[in-house]
Amino acid sequence: MSNNLGMDVRNSPRSRCRIDSKVHYFKQEANGRVINISRSGLALELTSKLPAAAGSPVVIENADIGLLEGVVRWNYGGRIGIMFKPNSNSIAKVAAYFRNFHQEVRPVLTR
């Protein structure tokens, strides 16, 4: 992706997946599903509304990866983008997920 406007853009390629998860935002909690993941972040499709503002800390909990700390990058239309905190724990958990569990999900319907 070209960065002509000096904007912060995605650094690593995303892989499609479907992982049921929970997002913890301060004292609030929302269920959702990870729809894509990369080594630096993920996108979640939420089942309920979560008023998380960009820059807010969150914790993602799921069975395949465990607990991951991150920061909200965007929240729009029932989906939320999260960038992982750059620490060795998050890096190791995501690397282990890609090594042991990840299977690329293809769309069921095609055009």
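Colleague: What does contact mean here, before we come to the helix?

Modeller: Contact means heavy atoms within 4.5 Å. The model is predicted. In it, helix H1, residues 88–100, lies across strands S1 (15–25), S2 (28–37), S5 (66–76) and S6.

Colleague: How many helices and strands does the chain have, and which pattern do they follow?

Modeller: The chain has one helix and six strands. Along the sequence the pattern is β-β-β-β-β-β-α.

Colleague: How do you know that S3 and S6 pair?

Modeller: Pairing takes at least two bridges between two strands. Five bridges join S3 (residues 41–46) to S6 (residues 79–84), so the two count as paired. They run antiparallel. Among the residues involved, Ala-43 has Gly-81 in S6 as its bridge partner.

Colleague: In what order do the six strands close into a barrel?

Modeller: The order is S1-S2-S3-S6-S5-S4, with antiparallel pairing. Neighbouring strands of this sheet are turned by 45 degrees against each other on average, direction ignored.

Colleague: What makes a residue count as buried, and what share of the chain is buried?

Modeller: Buried means under 20% relative accessible area. Buried residues make up 35% of the 111 residues in the chain. The accessible surface of the chain comes to about 7,500 Å², and 51% of that belongs to carbon and sulfur atoms.

Terms used:
Residues are numbered from 1 along each chain as its sequence is written. This is a predicted model: local features need pLDDT of at least 70, side-chain atom pairs count only at pLDDT 80 or more; totals for chains, interfaces and linings use all residues. Side-chain values use heavy atoms; hydrogens and water are left out. Helices (H or I, at least four residues) and strands (E, at least two) are DSSP runs, numbered from the N terminus. Buried means under 20% relative accessible area, exposed over 50%, partly exposed in between (1.4 Å probe, protein chains only). Accessible areas come from the Shrake-Rupley method with a 1.4 Å probe; for residues, only the protein chains shown count as cover. Axes are lines fitted to C-alpha atoms, for helices over the stretch in contact, and angles run from 0 to 180 degrees between N-to-C directions.
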